[in-house]
2 protein chains.
Amino acid sequence: MQAIATERYARTRALFERGLKVIPGGIPGHLGPVQSQFIPVDSYLFYVERAKGSRFWDVDGNEFIDYMCAFGPNVLGYNNELVDQAAARQSQLGNCMPMPGEIQVELAELLVETIEIADWAFFAKNGNDVTSLAVMAARAHTGKTKTVLFKGGYHGVAPWTQKHGRPGITREDLANNIYVKWNDLEGLENVIRRQKDEIACLMATPYHHPIFEDNALPAPGFWQEVERLCRANDIVLAVDDVRAGFRLDLAGSAHYFGFTPDLAAYCKAIGNGYAISALVGRDELRSAVTDVFYTGSYWSSAVPMAAAAATVRELHRLDGANLMLRLGSALTEGLRERAGDHGIRLRISGAPSMFYMSIPSDDSLRSMQTFSSECARRGVFFTSHHNHFINCSLTDDDIARTLEVADEAFDVVAKTHPKATQGE
Amino acid sequence: MQAIATERYARTRALFERGLKVIPGGIPGHLGPVQSQFIPVDSYLFYVERAKGSRFWDVDGNEFIDYMCAFGPNVLGYNNELVDQAAARQSQLGNCMPMPGEIQVELAELLVETIEIADWAFFAKNGNDVTSLAVMAARAHTGKTKTVLFKGGYHGVAPWTQKHGRPGITREDLANNIYVKWNDLEGLENVIRRQKDEIACLMATPYHHPIFEDNALPAPGFWQEVERLCRANDIVLAVDDVRAGFRLDLAGSAHYFGFTPDLAAYCKAIGNGYAISALVGRDELRSAVTDVFYTGSYWSSAVPMAAAAATVRELHRLDGANLMLRLGSALTEGLRERAGDHGIRLRISGAPSMFYMSIPSDDSLRSMQTFSSECARRGVFFTSHHNHFINCSLTDDDIARTLEVADEAFDVVAKTHPKATQGE
């Protein structure tokens, strides 16, 4: 297998050797091989040459049907023509200029029309930029300092979002965080009862999508009670919709689950890959956001705003969130069936447009790694222990081909991992 | 004057009214009118339609010669064709993809060749992303927590970079910062003597360029002694070259001043407006940077990397840093002369490619505001109390026209601000 992999990924391997010399770790961050994506290195590509629609081609010319969508930003399909044309038109005029373009106002108007809670929008680059702004604005608004977070939630890489003990993180970075368990209303009530005079903000993803764990939707009534507790105790309720935004509901994931936060942070889905993020919120928070000192060199750049406006309009035209939910349901139902054909109980959790896969009978996690690995070698790109992403350009043919590959991959899993078939 | 301004900026004013409804403060951040740029609102545009080379046109069709360069990113001239072509070529293939492109390796190799201290490069989006990474890496490397900063230095908008008392900032955000005065070696020595076992990092811009103050170059021997103190006390020396990078020296501003930091943060000048930032550093820090958990949705995007590679190559071809220093010298010498013709002593500080202007005889600052204002009304874009930026596309004709306008503006200043002419 080593020989096959070496041949299939010869250029990827050679480039990685070059990369290791001039980039710490070769490929840093969430795209780093193995450490982040947990696919056995043998079956894995490291560099992409081009991408179009639901597919991409690595530097060795291998073609893949993609279920990671660059970890979320690809929502309409790679290199969507409407989006790229809107970006190119703006690019002819200018991008990063001494003042914003008219498009900044247009895009804010469009988000205010689109997202239920949005009375205004603020633009930045990273999801982390706007989750951090949400916390700062909540502090400015309430005069309090602490933030309640759900254990295992991901809100970025700024020190305050990280875990104690990670390299570079100090005790002070985390001093204002309070952690409770997802769906644990009693735990939340206890924390609020004791510390309501210190708590400025509660930040959470609309449903719980940690890595290495089955994802968890909100329990019935959970969000409504969280909202009530926040309102009753002068706590700003901030939804981190960086990952789930527009993949559940164009009016906001909070609208999907039937509650009303004060702030919502967006990033991945709004620009179809062009670098932009946004914080939107209710009028009550407008003045606090104005007061916080917050800016960046590229935050008013016009090209990503033109791309984002085109993306949001196209998502409306396609009824994109419902389309991705339907495509995800078709895919995950097929995957579950194919797994069952081989005696494997595949667990799918989270929203179908952002599904997470596990084989719970094998707690070593190796069955899922073999599955992802066998799929990658056959041109279907899953990762092992992170939620996946559906985009609007996925076709019935893509899904049919994916299920053929999955069938072969589950066959390998069943034959090589006895635990995988002990679930029934 | 109100009537003239209203006519000249009718569309800017109408758009701002729309913007105020859907964006906190209308225009947020460093591009916000008045609060950040300190030009009387009357004479000021708020929205730009297009930009090319050294000029831009606002939404009312007014043309400006630009000395802000979008606060730095415009280094070769707006919409530089070589850069835009490189970006468009990459865009045809893909931008934000499931894995990086070959361009990530190429760009890192190019920065390693270009910047004297760079053994490796790490890419992100904001300047703030990489100044924060520098601090985290220094902590991971040394096992210590505190950072020494120079008072008035700007390193971004993350809470740790802000001032105590600003809305949204907590005591804990600043608990690990120690502030000393620029060029005050004795103060620095005292701090290091007392706290060397806690100090992980010293971060500074290569020279001091605060706002509202004359900028200050390093005193002779200052950097060499800072470097010696850091080496002797296991303190990581990090240069924040976000603003000055490539405007003093393509080999790094540290090379220009003759010292060797461990880390250098870049942003504005490396992509000519395409959103990218970079931390570069010495081999000693490579493993610490690899260990820090740090990533973002768009940080491996290929288009800004292609743009950055084209920008850096063109800066080499043009000997860009020296070109901008020469252009800045020609401009600032002319400005000083024209001011003198009207009996005004204009003080120019900082590097000529990033000059700061003041009229020290008027401590109300109003003379400079009138000067910027009169220039803006005549199509030359200066701000009042921030350093300016030169780009490589500035022509002799631009400078000649600027000096004509400045002559008229200084005439107005001399006639309306008696204090402006009391300097000699």
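Q: How many residue pairs are in polar contact between chain A and chain B?

A: A polar contact is a pair of N or O atoms within 3.5 Å; within protein, one must be able to donate a hydrogen and the other to accept it, and residues adjacent in sequence count only if both atoms are side-chain atoms. Here, 35 residue pairs are in polar contact between chain A and chain B, both residues at pLDDT 80 or more. This is a predicted model: local features need pLDDT of at least 70, side-chain atom pairs count only at pLDDT 80 or more, and totals for chains, interfaces and linings use all residues. Side-chain values use heavy atoms, without hydrogens and water.

Q: What is the count of salt bridges between chain A and chain B?

A: A salt bridge puts a side-chain nitrogen of Lys or Arg within 4 Å of a carboxyl oxygen of Asp or Glu. The count is eight between chain A and chain B. One salt bridge joins the side chains of A:Glu109 and B:Arg18 (2.8 Å, N to O).

Q: How many residues does the contact take from each chain?

A: Contact means heavy atoms within 4.5 Å. Chain A gives 95 residues and chain B gives 95 residues.

Q: What area is buried between chain A and chain B?

A: The size of an interface is often given as the accessible area lost when the parts come together. Buried area uses a 1.4 Å probe and is summed over both parts. Here the figure is about 8100 Å², with 61% from carbon and sulfur atoms. A:Pro98, A:Met99 and A:Tyr298 supply 10% of the area that chain A buries against chain B, more than any other three residues.

Definitions and conventions:
Residues are numbered from 1 along each chain as its sequence is written. Chains are lettered from A and ligands numbered from 1 in the order in which they are written. Buried area is the accessible area (1.4 Å probe) that two parts lose on being put together, summed over both.
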